[in-house]
Amino acid sequence: MDFVVDDVVRQGFGFANPNHAAAAICALFPFCWGWGSALGDCALPLRVLLQWAGRIAGVALCVMLAMTYSRTGMVVLAMEAIAMCKCKVESVKCKMAALDLVLLGVAVAVWLMWPRLTIDDSILNRPKIWLAGLRLFAANPSGVGLGNSGAVASAFLVPDIPEIRTMINAHITLLAEFGWLVGLVWFAFILFALFGLRQSPRIGIAFAGLVVSGCSSTVFDWPVLFDASDFGGLGVTNWILSWTMLLLFVGMGFYLSSKRLRCCGALGTTSPTMVAAGMAMATSGLIVGSLLFVPKGEAPTVRNGYAFCGEAPRTLALYDGEWRLRTVLPRVGGAAVLPVHAVSHFPHDLDLSGVGKVMLFGNCREWSHLVKGVPVLCSED
C-alpha cells in the first residue's frame, strides 16, 4: 500500500514502509562525515575531493529522508548530528554538523514535510500499542509466536485502534513474539554494543540510530524477515533490503562489542566475562520488571497459535480467510478459544476437554460433522 501525506506519496526507496527507509538513511548518515581524513596533508587535493563527496552524499541523504516524510527519521538524524559533535569525532567539526542540520531543514522545507509535523493519532496511539505489547509479554513470557502479536493485540487489547500487524516497535515486537530468552539475548547484545560507542563513534552512532528508530517503528519486521516464500506479501526487494539492514545492524553490534572487549582487556580493569555478566543481569532486571509490574489486562494466553481467554468451559471458534480474529471475538464472548489466524483444516489435535461449544464461521461450517460431544453453532453471516 502507498503511504500518502496530502496526496503526496511517501517514498520508500525499495522498502515497503517509508519509516524503514528513513531508518536505513539515518544509519548511513554518520559515515558521510570526515571522508579523506586518513589521507593527511600529503594528498590534500584528493582529501578535499573526498570531503566534498561526503558532504554531497549527506545532502542527498537529507533530501531522501525528507521524501520519506518520517518524523522519527528527522529526530534520529538530529540526535546523530549532536552525538557526532559531543563525541568529538576526529576531523568532524561542529560547524559541519550545523551545516548538515541546515541542509536537513532546507530539504524538509523543499519537500513540504510540515503537514506531518503535528500530533496525530499515529503518534498518540503508539504508547497504547507499546503497552499492549508489554501486556502480551506479561501474559505470555515465552512469546505468542512469530507474526501473532499484532492480531492478538488488535482483538483483545487495542480494539479502538485500527488493526495493527506488529507492535510498531521492533524491540517490543520481538519480546512479545519470541519471549524472554530471545529478548534477554537481544537487549544484552544492544546494551553491550552501545558500551563500545566511544571506541568507534561513527559505527556506534549509526548503531544507536537504528536502535532508536526501532523504538517507534518495526524496522526489523520479524514476520517478513522469516517469510522466505511469500516475503510477507511485500515483495522481494523489501525483503532483501530488510535483511541487509538487519545484517548491518548485527554486524555493527558485533564490531562494537569486540572493540569494547579489546578495550577492557587492554586496560585490565574489567574482564569481558564480568562485563557480559553485568549486561545480562541488567537486561534480566528489565525483563523481570516487565513481568512483575506490567498488568496483563485483557491479554489472553497464546499456545500453539490459539488464544485462550476466560475460564472453562470455553467456546471454540473456527473461521476462514474471510474473517479475522478481531471480528470473530465480539461474536464469541469472553470465554473462548480462537485461532490467531484463519484455519484451513479442522484442528483434530486440539484438546477439546475445556470446550463447552463450537462456533463455525464461513467455510468452516462444513466441518460441523467433525465435532463430537459438544454443541455446534454455525454463523449465518
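Buried, in this presentation, means under 20% relative accessible area, exposed means over 50%, and partly exposed lies in between, with a 1.4 Å probe and protein chains only. By that rule cysteine 215, at 33% relative accessibility, counts as partly exposed.

Good morning, colleagues. The structure is a predicted model, in which local features need pLDDT of at least 70, side-chain atom pairs count only at pLDDT 80 or more, and totals for chains, interfaces and linings use all residues. Residues are numbered from 1 along each chain as its sequence is written, and side-chain values use heavy atoms, with hydrogens and water left out.

Let me stay with the cysteines for a moment. A disulfide is taken as a pair of cysteine sulfur atoms within 2.5 Å, and the structure holds zero of them. Cysteine 26 is in no disulfide, and the nearest cysteine sulfur, which belongs to cysteine 62, is 9.2 Å away. Cysteine 26 counts as buried, because its relative accessibility is 1%.

I turn now to the sheet. Helices (H or I, at least four residues) and strands (E, at least two) are DSSP runs, numbered from the N terminus. Two strands pair if DSSP finds at least two bridges between them. With those terms in place, there is an open sheet of six strands, in the order β3-β4-β6-β5-β7-β8, and its pairing is mixed. At the edges stand β3 (301–303) and β8 (376–378); each has a single partner strand, so one side of each is left without a neighbour in the sheet. From one strand to the next, the twist averages 25°. Angles here run from 0 to 180 degrees between N-to-C directions, and axes are lines fitted to C-alpha atoms, for helices over the stretch in contact.

Which residues of β5 point one way, and which the other? Arg314, Leu316 and Leu318 point one way, Thr315 and Ala317 point the other, and all are buried. In general, the side chains of a regular strand alternate between the two faces of the sheet. Since five of the five residues of β5 are buried, this strand is largely enclosed by the rest of the structure.

The partners of β5 can be followed residue by residue. Strand β5 (residues 314–318) pairs with strand β7 (residues 355–360) in the parallel sense, over five bridges. Alanine 317 stands opposite methionine 359 in β7, and leucine 316 has valine 358 of β7 as a bridge partner. With β6, the pairing of β5 is also parallel, over two bridges; there, the bridge partner of leucine 316 is valine 337. Across β5, β6 (336–339) and β7 lies helix α13 (residues 325–332), running at about 160° to β6.

The peptide bond from alanine 312 to proline 313 is cis, with omega near 5°. Proline 313 is found in the loop between β4 (306–309) and β5.

Next, helix α6. Eight of the eight residues of α6 are buried, so this helix is largely enclosed by the rest of the structure. Its buried residues are covered by elements including α5 (121–139), α7, β3, β4, α13 and β6, where contact means heavy atoms within 4.5 Å.

The loop between α6 (149–156) and α7 (170–178) contains isoleucine 168. This residue has a positive phi of about 50° although it is not a glycine. It counts as partly exposed because its relative accessibility is 21%. A positive phi, near 55°, is also found at phenylalanine 231, in the loop between α10 (222–225) and α11 (236–267).

On a 1 Å grid over the protein atoms alone, a cavity is a set of points where a 1.4 Å probe fits but cannot get out; a pocket is an open set with protein on both sides within 12 Å along at least five of seven lines; lining residues have an atom within 4 Å of a point. Grid points are joined across faces, edges and corners, and a volume is the space filled by probe spheres set on the points.

The largest pocket has a volume of about 1,200 Å³. Of the 40 residues that line this pocket, the closest to its centre are Phe3, Asn17, Asn19, Arg126 and Ile168. Which element gives the largest share of the lining of the largest pocket? That is α5, with eight residues.

A search of the whole structure finds one cavity of 30 Å³ or more. The largest cavity has a volume of about 50 Å³, and Asn19 and Cys26 are among the residues lining it. The most to this lining is given by α1, with four residues. Thank you for your attention.
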